[in-house]
Amino acid sequence: MGLWFLNRPRPIKRTISVILDFLAIPFSLWLAFSLRLGEFYIPPNKQLWIFVLAPVIAIPIFIKSGLYRAIIRYIGMDAIWTIARTVLLFTLIFSVIVLTADDLAGLVPRTVYAIQAIILMLFVGGVA
């Protein structure tokens, strides 16, 4: 599988990376909720917008920060720093948006953001 991926043209690699991240972001959020609450988490209807909002915010940040360019060109310390910086920026922006969403802010425990950031770094770095 790895060799197949490496032999693809650069636009295909980027598209695959974006699709995988688009799936990994809501999954990491769900996993963070499940780990934080200690049970298989089923989000209530009031909270589903958060799972849709997360990739909508993250993917443009990932693209703008050059995450996909850094990962595809070389995998090393520079890519690790790019992943960490990008995920932390996403986590900061995402948490501020959710925490300032009036009465819906209480639906997300504050520790979920940190747990999701760690999981997302592993997912994004693992895809790299």
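**Aromatic rings and the nonpolar core**

Leaving aside neighbours within four places in sequence, Phe94 is in contact with Leu29, Ile50, Leu53, Ala54, Ile57, Tyr113 and Gln116. The model is predicted.

Reader: What makes these residues count as in contact with Phe94?
Author: Contact means heavy atoms within 4.5 Å.

Reader: Which residues have the most contacts inside the largest nonpolar core?
Author: Those are Ile25, Leu29, Phe62, Phe90 and Phe94, in a core of 27 residues. Helices 2, 3, 4, 5 and 6 each supply at least two residues of this core, and helix 3 gives the most, with eight.

Reader: Why is the pair of Phe33 and Phe51 called tilted?
Author: The ring planes stand at 35 degrees. Stacked needs under 30 degrees and edge-to-face over 60, so the pair is tilted. The centres are 5.9 Å apart, and a pair needs them within 6.5 Å. Phe33 lies in helix 2 and Phe51 in helix 3, so the pair ties together parts 18 residues apart in sequence.

Reader: How do you know whether Phe33 and Phe51 are buried or exposed?
Author: Buried means under 20% relative accessible area. Phe33 has 1% and Phe51 has 11%, so both are buried.

Reader: Why is the pair of Phe62 and Phe90 called edge-to-face?
Author: The angle between the planes is 75 degrees, and over 60 counts as edge-to-face. Phe62 lies in helix 3 and Phe90 in helix 5, so this pair ties together parts 28 residues apart in sequence.

Reader: What relative accessible area makes Phe62 buried?
Author: Phe62 has 0%, so Phe62 is buried; Phe90 is buried as well, with 0%.

How values were computed. Residues are numbered from 1 along each chain as its sequence is written. This is a predicted model: local features need pLDDT of at least 70, side-chain atom pairs count only at pLDDT 80 or more; totals for chains, interfaces and linings use all residues. Side-chain values use heavy atoms; hydrogens and water are left out. A nonpolar core is a set of buried Ala, Val, Leu, Ile, Met, Phe, Trp, Tyr and Cys residues joined through side-chain atoms within 4.5 Å. Buried means under 20% relative accessible area, exposed over 50%, partly exposed in between (1.4 Å probe, protein chains only). Helices (H or I, at least four residues) and strands (E, at least two) are DSSP runs, numbered from the N terminus. Rings of Phe, Tyr and Trp (its six-membered ring) pair if their centres lie within 6.5 Å; planes under 30 degrees apart count as stacked, over 60 as edge-to-face and the rest as tilted.
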